[in-house]
Amino acid sequence: MTTSTMTKKKTETRVCRLCGDKKEIELFEIDSRVKGGRTSRCKACKSSLNDRSRTLYAGLKYRAEQAGQPLEVTRKELQALFATFDGKCIYCGISEEETGESHHVDHVIPVSEGGRHHRSNLVLACASCNASKNNAPFIEFYMRKKDKISDENFNTIVYFISLMSGQPVDEVLMSFIVDYKMKLYSHLSDFISKEEARELFEEVVTEKFKEERAS
Ligand SMILES: [Zn+2]
Ligand SMILES: [Zn+2]
């Protein structure tokens, strides 16, 4: 390495995507997967995200233990959840800095509806979205909050759950719809099971496609 490139390296700076501060490149972690070989979050921001995930994990663990439910998620996985979404609410995209309060871990399928404490069912949500969603099926919440949840965020949620659960995207969507419809027609649960409902809806969707193609 020549003297000139060394000098150049020393003064190289970058703007952190999270705090927006311009900092020396050494304050960004090395990451060979990204362009330039450094992450776009500064080390301070990254470690603060890790601290928050630790607090959330402790809360989730306590909650699961109290309810006697299995905790099937690791602290590292929650840490990754924070990192993946830059600490932003998966639904409305707001950051903790903007709301001035801590985000929550949201169970996409509510625990009361049999949702697991597992990475395939956990997302990061702001307190407001989390409270508004409560025990509602995802689609019901989405219909209410359509103006806050961008199409892009909706797609991200579906793709994220698909990745984490290993289910194809269309199956994830279908399960969201089945959960919603079952709640809407909860009186039907005496007559038809979730599996039967899924088959029924799949049939309707297939018929609809056929009709559209025929016309
Ligand atoms: Zn930063
Ligand atoms: Zn939100």
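Q: In which loop does asparagine 134 lie?

A: This is a predicted model, and local features are read only where pLDDT is at least 70. Asparagine 134 is found in the loop that runs between helix 5 (127-133) and helix 6.

Q: What is the phi of asparagine 134?

A: Most residues other than glycine have a negative phi. Asparagine 134 has a phi near 45°, a positive value in a residue that is not glycine.

Q: Which residues of helix 3 are buried, and against what do they pack?

A: In helix 3, the buried residues are Leu78, Leu81 and Phe82. They lie on the same side of helix 3, because they cover an arc of only 95° around the axis. The buried residues of this helix pack against helix 2, strand 5 (104-107) and strand 6.

Q: Which residues of the largest nonpolar core touch the most other members?

A: In soluble globular proteins, nonpolar side chains tend to be buried together. Here the largest nonpolar core has 29 residues, and those touching the most other members are Leu78, Cys89, Ile90, Val123, Leu124 and Ala125. Among the elements that give two or more residues to this core are helix 2 (43-67), helix 3 (75-84) and strand 6 (122-125).

Q: With which residues is isoleucine 90 in contact, leaving aside neighbours within four places in sequence?

A: With those neighbours set aside, isoleucine 90 contacts Phe85, Val123, Leu124, Ala125, Asn153, Thr156 and Ile157.

Q: At what angle do helix 7 and helix 8 pack?

A: The angle is about 110°, and the axes of helix 7 and helix 8 are 9 Å apart. Angles of 65 to 115 degrees count as roughly perpendicular, so helix 7 is roughly perpendicular to helix 8. The crossing of helix 7 past helix 8 is right-handed. Where they meet, helix 7 contributes Val158, Tyr159, Ile161, Ser162 and Ser165, and helix 8 contributes Val169, Val172 and Leu173.

Note on methods
Residues numbered from 1 in each chain as written. Chains lettered and ligands numbered in written order. Predicted model: local features only at pLDDT ≥ 70, side-chain atom pairs only at ≥ 80, totals over all residues. Core = buried A, V, L, I, M, F, W, Y, C linked by C-beta atoms within 7 Å. Buried ≥ 20, exposed ≤ 12 C-beta atoms within 10 Å, placed from the backbone. Helix = DSSP H or I, 4+ residues; strand = E, 2+ residues; numbered from the N terminus. Contact = placed C-beta atoms within 7 Å. Arc of directions from axis to C-beta. Axes fitted to C-alpha atoms, helices over the stretch in contact; angles between N-to-C directions. Parallel < 35°, antiparallel > 145°, perpendicular 65-115°, else oblique. Left-handed = near helix turned anticlockwise from the far one by under 90°.
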